[in-house]
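Dear colleague,

Please find below the structure that I am handing over to you.

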Amino acid sequence: MFKLPDLPYAYDALGPHISADIMELHHDKHHRTYVDKLNGALEQHPELQGRSIESLLSDLASLPEDIREIVRDDGGGHYNHSLFWQWMSPNGGGEPEGELKEKIIQRYGSFQAFVDEFTTQATGVFGSGWVWLQPNMDILTTPNQDSPLMSGQGEPLLGLDVWEHAYYLDYKNQRPEYIKAWWNVVSWDFVSRRMHKQ
Ligand code: MN3
C-alpha cells in the first residue's frame, strides 16, 4: 500500500510565496486523495501490490484495463506530488550550481533564458497539468497528472504543478504570479541530486 509522505518542512515554511493554507489543502487533501484512490484500485489486483510507483507508471499498457486510468491519474498524482514537495524548500530559490548550471546554460544560453522558457511553457498549459525539466534538458508539458515517465521519456529532474488547486487560494486565477513566486522556493539542491543519481 502506498503512503502519503510527510512534507519535508512545516506548512508555513514556503511563505510568503506559497501559503500554509495552500500547502495544507494541497498535501493533506489533494495528495491524500490520490494515494487513497490508487490503493483502492490496487486492492482489486493483489498481483500488482508491491510494485513501485515508477514501475506501474512506466508500463501502464500492461495493467488491467479496469484500473489503468485510475493508476494513470491517481498514481500519477501520487508520484508527481511526492516529488513536488521535495522540489520546493524554504532554503530554495536563486540559481543552481556546478554541473546542473553548466548544462542549463549550454542548452538555453543563460539561466534567465531557461527560466523564461520554462515560465512560458508553464503559463501556456491549457487547463490542468505540469511542466518538466528532463535529464536531457528538454522542457516538456503534460496534461492532468501525466508524467514523462509514462511516455518513456524518463524521470523528470524538476516539475511544476500548474493545476489551479496549487495556487488559487493565494493567486486566484493569476497563474503567472504563482509561477513567478515559485522560483523563489525551487530546491536546486534536490534537482542537482536527481541529476547525479541518473
Ligand atoms: Mn497538485
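What covers the buried residues of helix 4? The cover includes helix 5, strand 2 and helix 8 (188-197), where contact means heavy atoms within 4.5 Å.

Before the details, two remarks on conventions. This is a predicted model, in which local features need pLDDT of at least 70 and side-chain atom pairs count only at pLDDT 80 or more, while totals for chains, interfaces and linings use all residues. Residues are numbered from 1 along each chain as its sequence is written, and side-chain values use heavy atoms, with hydrogens and water left out.

Helices and strands

Helices (H or I, at least four residues) and strands (E, at least two) are DSSP runs, numbered from the N terminus. Buried denotes under 20% relative accessible area, exposed over 50%, and partly exposed in between, with a 1.4 Å probe and protein chains only.

In helix 4, which spans residues 98-108, the residues Leu100, Ile104 and Tyr108 are buried. They lie on the same side of helix 4 because they cover an arc of only 40° around the axis; the arc is that of the directions from the helix axis to the C-beta atoms. Glu102 and Gln106, on the other side of helix 4, are exposed. Just after helix 4, Gly109 adopts a positive phi of about 95°.

Helix 7 (residues 175-182) has Arg175, Tyr178, Ile179, Ala181 and Trp182 as its buried residues. Their arc around the axis is only 165°, which puts them on the same side of helix 7. Among the elements that cover them are helix 3 (65-86), helix 5 (111-124), strand 3 (158-161) and helix 6 (168-171).

In helix 6 one finds Leu169, which counts as partly exposed because its relative accessibility is 48%. Leaving aside neighbours within four places in sequence, Leu169 is in contact with Asp21, Ile22 and Leu25. Leu169 and Asp6 are 163 residues apart in sequence and 22 Å apart in space, C-alpha to C-alpha.

Three strands form an open sheet in the order 2-1-3, with antiparallel pairing; two strands pair if DSSP finds at least two bridges between them. Strand 2 (139-143) and strand 3 are the edge strands, each pairing on one side only. From one strand to the next, the twist averages 20°. For such angles, axes are lines fitted to C-alpha atoms, for helices over the stretch in contact, and values run from 0 to 180 degrees between N-to-C directions.

Five bridges pair strand 1 (residues 129-133) with strand 2 in the antiparallel sense. Along this pairing, Gly129 stands opposite Pro143, and Val131 stands opposite Thr141. The hairpin of strand 1 and strand 2 has five residues between the strands, and Met137 there takes a positive phi near 75°. Strand 1 and strand 3 run antiparallel and are joined by four bridges; the bridge partner of Val131 in strand 3 is Leu160.

How many of the five residues of strand 1 are buried? Five of the five are, so strand 1 is largely enclosed by the rest of the structure. In a regular strand the side chains alternate between the two faces of the sheet. Here both faces are covered, with Gly129, Val131 and Leu133 buried on one side and Trp130 and Trp132 on the other.

Aromatic pairs

The whole structure contains 17 aromatic pairs. Rings of Phe, Tyr and Trp (its six-membered ring) pair if their centres lie within 6.5 Å; planes under 30 degrees apart count as stacked, over 60 as edge-to-face and the rest as tilted. Phe84 and Trp130 form an edge-to-face pair, at 5.4 Å centre to centre and 85° between the planes. Since Phe84 lies in helix 3 and Trp130 in strand 1, the pair ties together parts that are 46 residues apart in sequence. Phe84 counts as buried at 1% relative accessibility, and Trp130 is buried with a relative accessible area of 0%. Tyr108, Phe111, Phe114, Phe118, Trp182, Trp183 and Trp188 form one aromatic cluster.

The metal site

His26 (NE2), His81 (NE2), Asp161 (OD) and His165 (NE2) coordinate the manganese ion at 1.9 to 2.1 Å. Donors are N, O and S atoms within 2.8 Å of the metal (3.2 Å for Na, K and Ca); water is not among the atoms, so sites may look incomplete. Along the chain, the donors follow the spacing H-x54-H-x79-D-x3-H. His81 lies in helix 3 and Asp161 in strand 3, so this pair ties together parts that are 80 residues apart in sequence. Both His81 and Asp161 are buried.

Yours sincerely
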